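Have the structure open as you read along.

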Amino acid sequence: MMLRYLRLIWTFTRLSALNELQYRANFFMQFFSSLLTLANGLIGLALVFYHTESLAGWEPMELLVVVGVYTLIGGLIRAIIQPNMWRILDGVHEGTLDFTLTKPEDSQLLVSMANFELWKLVDVIIGILVLVYAVLKIEARVGIEEAVIFTLVLLCGGLMVYSLWLAIATTSFWVVRIWSLFDFFENMYQAGRWPVGIYPSWLRMILTFLVPVAFAVTAPAEALTARLNTQMLLLALVVAALSLVASRMFWKFGLRNYTGASA
Amino acid sequence: MLRTLKILLAETKISMMASFQYRVQEGMALLGLLVESLVYLVVWTTIARAQGGSVGGYTEGEFAGYFIAWTFVRHMTTGWSPWWMEMRIRRGEFNTLLLRPIHPYFVDMGRMMGMKSIAMFTLVPTIFLLSLIFRPEFALIPWSLLTLLPALVLAFLLRYTLMYALAVTAFWTTRVTALFELWFAVEFFTSGRVAPLSVLPEWALNIANVLPFQWMFAFPLELLLGRLSPQEALHGFLMQALWLTGTAIVVRLVWRSAVKQYAAVGG
């Protein structure tokens, strides 16, 4: 069962990658744009640390870790989550989702994996490079344990973001024009450039539970800079599991009520 | 001239109605502005607090004032996306626009005026709310407020015209996005968007001074906050006028050959 799913995911990934490989010029466009975004982030940091030695207890190189995680997760969202969720919206709008639903496989798996934008992974690579550089610079003690916890928290954050997007996309079964909620997410995600601890408490609550920026960006960065406590780690695991289950139930519930657009 | 004005107003009316239709979309766009300014506000007030109250001539409350007024000025001076132009050209929608007996420059301008005026209904209460939360400090000086409107109009016209000059290159290459991304990256730091200009190190300020971006944003913003002397304000208006004249001439020159160059896509 599991093996078949993995094979399915691999096939979809390969197909999307082959499709993207046709447009090689897009790689350079993406590279250029990713570098500009990174430069912007770095100049912003330089500007802040031109005036102060630490921002709410974060040293320059530690904030660079935040920038790295932000870029890395942002790349994953844009490469894997975003294109698929947009496709659900288009599918509901144009009636093409019906073709997916008639296939004899798990529908959530199909809609979540069918599309993948290879070139957006440039951000993931840049993010990782920045992370490695920053971690080496801090000379933080990052052993196997820290690396495992970091990966675990990152995965939890990613799953929470995925669940949120899936829930938003599911709403399109009832309300077709839901684009603006995606925009809302993207706008709120910008706040993750900085550790959520600097924001006032009401905003921090929004960034933790409504839009999981705190879990997706700040918590992994905390794991690498020896800031993450066990409490936050457990919370991340629980919230990730809960949101995954909740979004799956919501998707199933949505499907039962979905009548299709073309029928 | 009068006819152009009439069409401009008609387009304004149409787009006012359209944005009223898509209230939610507009609200979300506004939210984007808010999140961005809120992030800067928090970062800079945190730094000001850590540095004993002020940075680059701004206290905590003055930073709050800067970034709350920021949302208003940013909203007034933007609203036009280069991707929109690229998309119109790629899809062939530009053809119909070119056939109309009015320059597309004015059609787009009318549309933006409509969108901006409708958004005021949400922007003004939001600014009020933000002021209650963050307690901004600013000086309301009568003469600067009186000159604010022309400064905003000139800032908008300058940014819009310069973007038009750049967008026209889309007639030669259908990929102007890279060019615009470079523009936005430079504008980010030299216009006063990410931080007040007085916070920049000297070498960055020198770069900002030879570029037009501060006259499109920081100038009206500082005027609104009452931070400029009459001499500085006069200098600002002069720079705005100078840059605007220059870019207007460029657009006029480039436009003619661009339209000749234009290869229609689709039907």
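Are Phe188(B) and Phe189(B) buried or exposed? I looked them up: both Phe188(B) and Phe189(B) are buried, where buried means under 20% relative accessible area, exposed over 50% and partly exposed in between, with a 1.4 Å probe on protein chains only.

A note on the source: this is a predicted model, in which local features need pLDDT of at least 70 and side-chain atom pairs count only at pLDDT 80 or more, while totals for chains, interfaces and linings use all residues. Residues are numbered from 1 along each chain, chains are lettered from A, and side-chain values use heavy atoms.

Next I checked the rings of Phe219(B) and Phe237(B): their centres are 5.3 Å apart and their planes at 90°, so I logged the pair as edge-to-face (Phe, Tyr and Trp rings, for Trp the six-membered one, pair with centres within 6.5 Å; planes under 30 degrees apart are stacked, over 60 edge-to-face, the rest tilted). Phe219(B) and Phe237(B) are buried too.

I then asked about clustering. Phe188(B) and Phe189(B) belong to one aromatic cluster, whose members also include Tyr58(B) and Trp70(B).

Last, I turned to the interface. Chain B puts 34 residues into the contact and chain A 30, with contact meaning heavy atoms within 4.5 Å.
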